[in-house]
Amino acid sequence: MKSLVASRARSFANLATAGVLGCVGTLIVVSAWRADASPGDLDATYVPIAGCRVTDTRVATNVGPRAEPLGPNEVMTVAIHGPNGECTGALAVPDDAVGVALNVTAVGATATSNIRVYTADLQSPPNLSNLNVYPGAPPTPNKVDVQLSSSGAIKVYNFKGTVDVLIDVVGYYSSATLLDLANRSGAAGPQGPVGPRGPAGADGSDGSDGSRGFSAWDVIPSGVTVTGNFVFDQPVTVANNGDSYSSAVTLPGIASDVLGTTDVNFAPTGNALVWDGDDDCTGSANIPTAPAGKVCLYLVQTSNVNNIAGYGARLGDRGFRVGWSDDGSGAAGQSYRVYATWAYTAP
């Protein structure tokens with residue numbers, strides 16, 4: 001599979017430009033983006049290739065359809081899409097390429113001139129130079145990025161005299177995303193061996209088949225119970241006596257159903273602080289359990305709080321919240337403490 005470079009090139013119209021008889025560089029604007037994002041009209045993904053020659057106008061080493069130098073004010077059209085010159089097989093530029101990265105070399109100029117490379121959609125050459133040449137100069141190369149025409153071609157213009165032109169493709173710009181490009185890989189290879197025995201998974205797997213159990217990004221399997229601790233212990237600046245506070249708990253997986261207020265409750269403890277006690281919560285702080293579809297919390301310790309309850313949260317299928325109110329002492333900066341254990345069983 002081709003190597004993919006995570007950069008987005010903005011607008012080819014200005015990538016290979018400079019004043020006449022001036023040198024040109026390559027302008028690439030890099031911005032943050034996701035690999036699976038859909039490119040915009042001016043976005044493209046750069047795909048480097050090993051390099052191949054698509055054109056050489058010299059008679060002795062000819063590549064491509066032309067075997068004579070460009071004359072004065074002459075334009076040569078070069079096809080880029082598909083197999084062309086030595087760019088065949090895996091090196092062929094695909095039909096969805098919107099631009100191409102080239103090494104363009106001028107050889108044997110008979111007059112001071114400039115070479116201009118541009119999209120074949122233009123009817124006349126722009127006043128922009130990519131290479132500057134003169135008689136007796138050594139082979140003159142330059143890196144040129146250029147937009148492709150709708151048919152996947154470019155044009156090359158010579159200003160004065162005659163000159164041979166060599167064009168090598170070193171990469172192309174695709175309108176596809178990185179994930180689309182990655183999916184163009186060949187057939188999958190043979191299945192590798194099963195990994196070593198892992199630890200027992202939370203879903204009951206013993207790891208003998210190399211399984212990892214479910215992760216935080218998986219739905220918690222039906223009938224599986226997950227457990228954890230809830231700890232809130234920090235100073236809080238009290239604005240008003242009796243103000244309410246809460247803290248979120250994230251499950252180690254995704255609940256199969258969104259958790260609502262009636263699904264998240266403390267176990268009855270005889271403690272007046274717990275006002276949503278649920279008789280279905282029959283475990284203990286040391287061994288928390290929960291019936292299917294519910295979260296049960298087991299109070300361990302509190303300080304400076306009243307009216308403790310569990311309820312659903314914006315996390316929805318990924319967690320729940322524990323809430324409480326100030327005990328009325330109103331001491332700014334005092335420490336509020338709620339310790340509990342909890343259990344959730346997937347229905």
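Q301 stands opposite Y339 in β15, and the strands concerned, β12 and β15 (residues 334-345), run antiparallel and are joined by eight bridges. Strands here are DSSP runs of E with at least two residues, numbered from the N terminus, and two of them are said to pair if DSSP finds at least two bridges between them. β12 (residues 295-303) also pairs with β11 (residues 264-266), in this case in the parallel sense and over three bridges; within that pairing, N265 has C296 of β12 opposite.

The model is predicted, so that local features need pLDDT of at least 70 and side-chain atom pairs count only at pLDDT 80 or more, whereas totals for chains, interfaces and linings use all residues. Residues are numbered from 1 along each chain as its sequence is written, and side-chain values use heavy atoms, with hydrogens and water left out.

**The open sheet**

An open sheet is formed by four strands in the order β1-β8-β3-β6, with antiparallel pairing. Its edges are taken by β1 (45-56) and β6 (140-147), each of which has a single partner strand, so one side of each is left without a neighbour in the sheet. From one strand to the next the twist averages 20°, where axes are lines fitted to C-alpha atoms and angles between N-to-C directions run from 0 to 180 degrees. The partner of β1 in this order is strand β8 (residues 164-174), to which β1 is joined by eight bridges in an antiparallel arrangement.

**Two residues of β1**

Both V54 and T55 belong to strand β1.

| Residue | State | Relative accessible area |
|---|---|---|
| V54 | buried | 3% |
| T55 | buried | 5% |

Contact is taken as heavy atoms within 4.5 Å. Leaving aside neighbours within four places in sequence, T55 is in contact with V63, M76, V78, V165, L166 and I167, and I167 is also the bridge partner of T55 in β8. Not counting residues up to four places away in sequence, V54 touches a set of residues that includes V63, V78, I80, C87, I167 and V169. V54 and L102, 48 residues apart in sequence, are separated by 9.7 Å from C-alpha to C-alpha.

**Aromatic rings**

Rings of Phe, Tyr and Trp (its six-membered ring) pair if their centres lie within 6.5 Å, and planes under 30 degrees apart count as stacked, over 60 as edge-to-face and the rest as tilted. Across the whole structure, a search finds four aromatic pairs. For F320 and W342 the ring centres are 5.5 Å apart and the planes are at 80°, so the pair is edge-to-face. Because F320 lies in strand β14 (residues 319-326) and W342 in strand β15, the pair ties together parts that are 22 residues apart in sequence. F320 and W342 are both buried. One aromatic cluster is formed by F230, F232 and W324.

**Confidence**

The pLDDT, the predictor's confidence in each residue from 0 to 100, averages 79 over the protein, and 74% of the residues score at least 70. It is below 50 over residues 37-41, a stretch with six contacts in the model beyond near neighbours in sequence. Residues 195-211 also have a pLDDT below 50, and this stretch has 24 contacts in the model beyond near neighbours in sequence. Where pLDDT is low, the predicted coordinates should not be read in detail.

Key. Buried < 20%, exposed > 50% of the residue type's maximum accessible area, 1.4 Å probe, protein only.
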